[in-house]
Amino acid sequence: MGAALTAAGGFAASAAPHQPVALRPSAGTISLAAAGKLDIAAWTYNGSSPGQTLRVKQGEDLAVRLHNSLAEETTIHWHGVRTPGSMDGVPYITQPPIKPGAEHSYRFACADAGTYWYHPHANSQGQLGRGLYGPIIVEEEKPIAVDRDLVWMLADWRIGKDRQAMEDFGQLHESSHAGRLGNAVTVNGELETVLRVRPGERLRLRLINAATARIFAPEFSGLSGWIVAFDGQPVEPRSIGNGKNYIAPGNRVDLILDIPADAPADAKFAIEDQTYRDRFFTIAVIAVAGNAVRTKALGKPAKLQANPLGTPNLPGAETKSVVFEGGAMGRMRTASLDGEPLPLRELAQAGAVWATNGQIFSSLKTLHDGERLFKLDLGKSYIFKLQNRTAFPHPIHLHGHTFQVLSRQGAPLAEQIWRDTVFVFPNETVEIAFVADNPGDWLLHCHILGHAASGMIAAIQVG
Ligand code: C2O
Ligand code: CU
């Protein structure tokens, strides 16, 4: 595992809030297993993958000075944080890419408490796929009382026969299917994580899916707990017991996990994942040892205080249709690439196989130069009707805004939760609503990064 990390997620805290944190992405080596048993070449922030946890109090500024020590351009995007447009870190769309050897400063206030993350937005599949990402925690004024507050940043790696991380990113066959899945899953950059706990302990577990394609659905059998936030936004605490809790790339889930007070001192709880048929695995093991922290089970935690998000005015909202097409086994026959209509065969030759409302852009540069998907009025409410007309699920991420998920397949949802990345299943329609209250140019894209790289990326303009 990386330099400053422990299996339990005990990252080094960031410096004083108004002092910029220096982040230096560079090529290096990390250890995915103890005792140097699996050292791989990777790209890191300040020598570790994940990079250090950036922690600020709600309402305070986060300031970062990026020193690009990679041999290629990069940027940093603050996934889920509602930054001003100029701070969003998207090459061409919001800033020039940062050249090798160059530096760039980011500073913005974090209005919303919760769990967020940072990652590059240049060559995203290659840069995240080699280990560039880190957690952001914006602390609530009144957090839920817990014994330990831990981050589990989930990712995967494709380890080859030579026991090195493979660099076969961007293969069209994978990009036109479910994306590039690795064969080794890590928690905070570590394989086969064991988290040691005491009986009766109450943990806050912040799960972040930083994988480029893998969908997680952790199962906590034998443990009781509560989901208290999705994508950083508080929800009425709900039991973890019921059904699959998908965490798609980009998503976060905050859990309150209660270790049974009467758990025997050598009990082990395996957190399993059965998302992909025939590829079941254990995400991590929770191992109980020591004396009980408390003897009585704790009750349901209180709901965290809501973030200051503008509530969409639904009766006055304008509905926009967003249709995703393409990919293997899809029905797309033609689309326009950088403004030029082309048949599917030629699109595939150009590596452009997913379209949004019939449009594909070959790069962020041509996307910047092209027409915006929509121009939205500042302050107005919008409903986006996201229609997945493909054979694959897609986690759709909107930059600069947090939206309410209103309905799936036309059926209104009981709790209209807030998200910044919503999972849309094959042939599903999901309606989201938000107030277009953040002026700028904002991406709307799939967070399966091979899909984004092969076309599933659009831009809207607000104001
Ligand atoms: Cu997590 Cu466009 O980003
Ligand atoms: Cu996708």
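Analyst: A residue counts as buried under 20% relative accessible area, as exposed over 50%, and as partly exposed in between (1.4 Å probe, protein chains only). Cysteine 446 has a relative accessible area of 0%, so this residue is buried. The structure is a predicted model, in which local features need pLDDT of at least 70 and side-chain atom pairs count only at pLDDT 80 or more, while totals for chains, interfaces and linings use all residues. Residues are numbered from 1 along each chain as its sequence is written, chains are lettered from A and ligands numbered from 1 in the order in which they are written, and side-chain values use heavy atoms, without hydrogens and water.

User: Which residues coordinate the copper ion (ligand 2)?

Analyst: One looks for donors, namely N, O and S atoms within 2.8 Å of the metal (3.2 Å for Na, K and Ca); water is not among the atoms, so sites may look incomplete. Here His394 (ND1), Cys446 (SG) and His451 (ND1) coordinate the copper ion (ligand 2) at 2.0 to 2.1 Å. Along the chain, the donors follow the spacing H-x51-C-x4-H.

User: Is Histidine 451 buried or exposed?

Analyst: Histidine 451 is buried, because its relative accessible area is 0%.

User: How many aromatic pairs does the structure hold?

Analyst: A pair of aromatic rings is described by the distance of the centres and the angle of the planes. Rings of Phe, Tyr and Trp (its six-membered ring) pair if their centres lie within 6.5 Å; planes under 30 degrees apart are stacked, over 60 edge-to-face, and the rest tilted. The structure holds eleven aromatic pairs. One of them is tilted and joins tryptophan 78 to phenylalanine 108, with 5.2 Å centre to centre and 55° between the planes. This pair links distant parts of the chain, since tryptophan 78 lies in strand 6 (residues 77–79) and phenylalanine 108 in strand 7 (residues 103–109), 30 residues apart. Strands (E, at least two residues) and helices (H or I, at least four) are DSSP runs, numbered from the N terminus. Tryptophan 78 and phenylalanine 108 are both buried.

User: Which residues form one aromatic cluster with Trp78?

Analyst: The cluster consists of Tyr45, Trp78, Tyr106, Phe108 and Tyr118.

User: How much of the protein chain is buried, and how many helices and strands does the chain have?

Analyst: Buried residues make up 58% of the 463 residues. The protein chain has five helices and 35 strands. Its C-alpha trace spans about 65 × 55 × 50 Å along the principal axes.
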